[in-house]
Amino acid sequence: MTFLGLAGPLALLTSLSSYAFIGSSTGQPASVAVPLTSAVTKGLSENTSDKKEQWMWWKPVGSASLSWGFWKIYDSELRTPAGVYNPESPLPLALVITYDRDIDADDLLDATVEQWEHLGFSADTIASWDPQMKNAWPNVKEGDRLIYVLESSGGAFFYQPKQGQPKPYATLK
């Protein structure tokens, strides 16, 4: 089962211009692009452990929830070090998604591709990103979190099980 609405925060990973968080400092959608044309690799970059320590203490800029019908799918939160989004200097930032349902990695990827199509990315561009993103999404269970931290040097995905610590899952450079 594909949850079409998963694409909202996932779109934030590709283009913040289509996603506004409640409580943002300006109330306007942000616009920043994530370098998805870079390779996604499982494992750590040299500074990934530093990111792990930093994002947990960042302040929320805003949050949103997604429900599909009467099912709640997830809660999401955008964080920055100061708790304010500045479009002139948007990085670093972290997107934290807490899932309220079990969703497998293939469904997450399908929802991401559907959102890219909705945002108007070409079929060729999507085809080039799709294989790279296959390693970026794990299967998630209710209560698990996926965290994406974006800094000027690149991005890092973290996976946090409901009763565990965040662990690096993949990086974008």
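Trainee: Which residues touch the most other members of the largest nonpolar core?

Mentor: Happy to start there, and keep in mind that this is a predicted model. The largest nonpolar core has 28 residues. Those touching the most other members are Y99, L108, M133, W137 and F157.

Trainee: Which element gives the most residues to this core?

Mentor: Several elements give two or more residues: β2, β3, β4, α3 (105-118), α4 (123-133), β5 (145-151) and β7 (167-172). With five residues, the one that gives the most is α3.

Trainee: How many residues make up the second, separate core?

Mentor: Look for W58, V96, I147 and F158, which are among its members. In general, nonpolar side chains of soluble globular proteins tend to be buried together. The size of this second core is eight residues.

Trainee: Are the rings of Y74 and Y99 stacked or edge-to-face?

Mentor: Y74 sits in strand β3 and Y99 in strand β4, 25 residues apart, so the pair links distant parts of the chain. Both residues are buried. Their ring centres are 6.0 Å apart and their planes stand at 70°; over 60 degrees counts as edge-to-face. The pair is therefore edge-to-face.

Trainee: What angle lies between the planes of Y148 and F157?

Mentor: This is another aromatic pair, and both of its residues are buried. The rings are 4.6 Å apart, centre to centre, and the pair is tilted. The angle between the planes is 50°.

Trainee: Which residues do ring pairs link into a cluster?

Mentor: The structure holds six aromatic pairs. Ring pairs also build a cluster, and its residues are W68, F70 and W71.

Trainee: In what sense do strands β2 and β3 pair?

Mentor: Strand β2 covers residues 59-68 and strand β3 covers residues 71-80. The two are joined over nine bridges, and in one example G62 has L78 in β3 as its bridge partner. The sense of the pairing is antiparallel.

Trainee: Which residue in the hairpin of β2 and β3 takes a positive phi?

Mentor: This hairpin has two residues between the strands. The positive phi is near 65°, and the residue that takes it is G69.

Trainee: Is T80 buried or exposed?

Mentor: You will find T80 in strand β3. Leaving aside neighbours within four places in sequence, T80 is in contact with W58, K59, V61, P92 and L93. Its relative accessibility is 2%, and the cut-off for buried is under 20%. T80 therefore counts as buried.

Trainee: How far is the backbone nitrogen of G83 from a polar atom of the T80 side chain?

Mentor: Here the T80 side chain supplies one atom and the G83 backbone the other. The distance between them is 2.9 Å.

Trainee: How many helices and strands does the protein have?

Mentor: From the N terminus on, the elements run α-β-α-β-β-β-α-α-β-β-β. That order holds four helices and seven strands.

Trainee: What share of the contacts with a separation of 6 or more comes from residues 24 or more positions apart?

Mentor: For background, buried residues make up 47% of the 173 residues in the protein. Among contacts with a separation of 6 or more, residues 24 or more positions apart account for 62%.

Trainee: Which element has the highest mean pLDDT?

Mentor: Over residues 1-46 the pLDDT is below 50. Strand β1 (residues 40-41) has the lowest mean among the elements, 38. The highest, 94, belongs to strand β4.

Technical notes: Residues are numbered from 1 along each chain as its sequence is written. This is a predicted model: local features need pLDDT of at least 70, side-chain atom pairs count only at pLDDT 80 or more; totals for chains, interfaces and linings use all residues. Side-chain values use heavy atoms; hydrogens and water are left out. pLDDT is the predictor's confidence in each residue, from 0 to 100. Contact means heavy atoms within 4.5 Å. Two strands pair if DSSP finds at least two bridges between them. Buried means under 20% relative accessible area, exposed over 50%, partly exposed in between (1.4 Å probe, protein chains only). A polar contact is a pair of N or O atoms within 3.5 Å; within protein, one must be able to donate a hydrogen and the other to accept it, and residues adjacent in sequence count only if both atoms are side-chain atoms. A nonpolar core is a set of buried Ala, Val, Leu, Ile, Met, Phe, Trp, Tyr and Cys residues joined through side-chain atoms within 4.5 Å. Rings of Phe, Tyr and Trp (its six-membered ring) pair if their centres lie within 6.5 Å; planes under 30 degrees apart count as stacked, over 60 as edge-to-face and the rest as tilted.
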